[in-house]
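Dear colleague,

Please find the structure that I am handing over to you below. My findings follow it.

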Amino acid sequence: MRTRHRQKLAWIWLLLSALLTVFLFGASQISIENAVQERVRAHLLLTLDESHFGNAKNQTNDQKALQRIGKQINAAMQNLVVNRWYSAQKSCVVRLQRIDEVAIDDNPARRVINISLSRNQIEREVDIGLSCSPNWWVALGIGAGLGLLFAGIGIFLPPPLSKAHRQWINYLLERGYSGAEAFEIIRQYDAPRLALSPAQLVCLEQLHDREAHNFPDVLEMVTHEGVAVLDDDQVDWLVLGLQSHPGNLSRALGLASAKDAVEIDLREMKLSVRGLHVPISRTPLLYYAWYAMSRVSGDGWITNPASNRPDPVLGRELVHLMSEFDGHARAINELERTGLRAKTLDQNRSKIKDDMVAVLGEKLAPAYLFEASKHPNGIHMRYRLQVEARHIHIIR
Amino acid sequence: MLYGAAFFVTLALGWFVVDCGYEIQQLEVRDYNIRRCDIVANSSGPVLRVLDAIYMEDPDLVNTWCQTPEIARHFGALELRSVHRDHLDLRVLYESRYDLVLAKPELINSVGQAGKDAIDYELIAQYSDYGSQLVALQSIPELSASWMKGKTLGLLDDPNSVSAYQIPRAALHRSGLTDEPGIIYFRSYRELYKALFEGQVDIIPALLSDEGPDSALQLPPGLVLEETIPGPAWYLHRELTQGPAYCDLLAALAESARNSKFDYFRKIRIVRPCYAD
């Protein structure tokens, strides 16, 4: 950041030196021109005798006299402009060149100042030649002076804050950082580094912890190029991944970009979402597997039994599944004895939800839980897994 | 804030360099019509002030007089002011601001109408009478509409000039030449002559005098309009006519006349001789 800042200062120095030199030379020239014009005009008004000028259009001026007087005035003006050593112009020569049609001095001048002078009530044109040479030492002095100034700025002053820097400092101030802290943290980063995509911003918002003072680490993480391309859902998964395995960005990125999949391993009695293990006890897992099988084999809807009348058919389905995969004997016995009770089914869905939210969080978990609707008979509720069948993989 | 301060410091320095980097010297207000020479040998002496009221404008006159020992004996410097008659402020004569005046007698006479003592100047020397004529390079001018048709006449831009303004205009008027010829006015005799030789005008009024072939005033024969016009004269302030400088001034005048480029100005007549003579 400082190197770039110094490069920028060098360019500004060059540009400013050039501009200031041009401005000083131009302004100095104009200032001298105006002063010379004023002084010479006043002098001519007082001293240029009207008797040498014609009174009308068909009268000519006394050329000889005007030439003689013009030469005398030029001699008097020999040292009219005295330039000091620090002036942008030097060696200024002022000469009367022409009075009306009478040529006084033929030497070419860099600038010709034209003034109008009333003599015998007729306006006379007077040309004053002004030739000054640029004082290059001043240009050199300007360059050196500005160079020193900019070198001092580059060495002793911190680089100025960009708009992005100021925004981030404000961001940190709003979150309780002190001004010095915020400045110290933000000044380390180039402005492009601080330009975050919405996804990165969301990610940072979620991971940044003022107490943990983790802004630099989080910023380091979210500015990874893999993060910039994530969509909103993927960012949620990334955050989940980083929360479950702090500091392991590649693993979190793997989770964020993984295919959406629910895997139910009935042999190992394990449930995983996008490869992320969701600890769940055996009975709820078998209930989850039962709903998943229903989703895979059809529309997935399973109607809740009436609260006062257990469903023996659904109970038998579950007994069959539990028996095959070593379900709890007590649960099997109850199902065999009374059928599937609404209360039991609700308790297990609730348990599944708790376990799923514990791992995936409130935001991500619902996509793998249940959706509900009224049975077409208008009396009973029915439930199914929200996740689509093609994303469900059951190992048995 | 620091950048702002740096900006203002730079601005102030810039303004200082632009505005205080130079100084325009005062130009002494002086009369450029005055030509002056200092006489080193007598630097503490008074200044001899000479008024040329016929606008002879002889640049050599000042130097010639400064080198004249007779002048150097009495004066420390010489100032000569040549003035166009139509811009002459007569107060300078009433108030005796000049020691020596070269003027046409009619001018001094008009100033001195109240009597001999109206002004303190005395005639000491005079050039001979002269005439006025119209001159053209190709042929002798004629005061007729047919001859003047399409021609341009140059006149001296000075209504006080008898020979080069009053007489030619009167002649044209008498001849009924109101539209032809066209007239251009010039501020000096020198430019009048130059305009004729450069073809800017076809006719000019010229001095009728016995100029020799080498004189700058020598012109082809012309149409004589008037033969006797009193010549210009030198008038000296009365105080100087009484002092020891008078004889030397007369000698200087005579010396100056002898050295003149023009035959006419070589013929000077001393009207009031030196008492020593």
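The axes of helix α9 (residues 232–244) of chain A and α14(A) cross at roughly 150° and come within 10 Å. Here helices (H or I, at least four residues) and strands (E, at least two) are DSSP runs, numbered from the N terminus. Axes are lines fitted to C-alpha atoms, for helices over the stretch in contact, and angles run from 0 to 180 degrees between N-to-C directions. The crossing angle therefore makes α9(A) roughly antiparallel to α14(A); angles under 35 degrees count as roughly parallel, over 145 as roughly antiparallel, 65 to 115 as roughly perpendicular and the rest as oblique. From α9(A), the residues A:Asp236, A:Trp237 and A:Leu240 make the contact, and from α14(A), A:Leu360, A:Gly361, A:Lys363 and A:Leu364. Two residues are in contact if their C-beta atoms, placed from the backbone, lie within 7 Å. By class, this contact of α9(A) with α14(A) holds four nonpolar, one polar and two charged residues. Ala, Val, Leu, Ile, Met, Phe, Trp, Tyr, Cys and Pro count as nonpolar, Asp, Glu, Lys and Arg as charged, and the others, Gly among them, as polar.

Please note that this is a predicted model, in which local features need pLDDT of at least 70 and side-chain atom pairs count only at pLDDT 80 or more, whereas totals for chains, interfaces and linings use all residues. Residues are numbered from 1 along each chain as its sequence is written, while chains are lettered from A and ligands numbered from 1 in the order in which they are written.

Helix α14 (residues 342–364) of chain A also packs against helix α11 (residues 282–297) of chain A, at an angle of about 100° and with the axes 9 Å apart. That angle makes α11(A) roughly perpendicular to α14(A). A:Thr283, A:Pro284, A:Tyr287 and A:Tyr288 of α11(A) meet A:Asn348, A:Lys351, A:Ile352 and A:Asp355 of α14(A). Four of the residues in the contact of α11(A) with α14(A) are nonpolar, two polar and two charged.

A:Arg341 is found in the loop between α13 (329–338) and α14 of chain A. A:Arg341 counts as buried because it has 21 C-beta neighbours inside 10 Å; a residue is buried if 20 or more other C-beta atoms lie within 10 Å of its own, exposed if 12 or fewer, and partly exposed in between. Leaving aside residues up to four places away in sequence, A:Arg341 touches A:Pro305 and A:Pro310. The C-alpha atoms of A:Arg341 and A:Asp311 are separated by 6.5 Å, although these residues are 30 apart along the chain.

Chain A also contains an open sheet of four strands, in the order β3-β2-β5-β4 and with antiparallel pairing. Two strands pair if DSSP finds at least two bridges between them. The edge strands, each pairing on one side only, are β3 (102–103) and β4 (111–119) of chain A. Nine bridges link β4(A) to strand β5 (residues 122–134) of chain A, where A:Glu123 is the bridge partner of A:Ser118.

Between the chains, 29 residues of chain B are in contact with 42 residues of chain A. On the side of chain B that touches chain A, α1(B) gives the most, with six residues. That side has 14 nonpolar, seven polar and eight charged residues. Strand β1 (residues 81–83) of chain A runs antiparallel to β1(B) and is joined to it by three bridges, with A:Val81 opposite B:Ile24.

Yours sincerely
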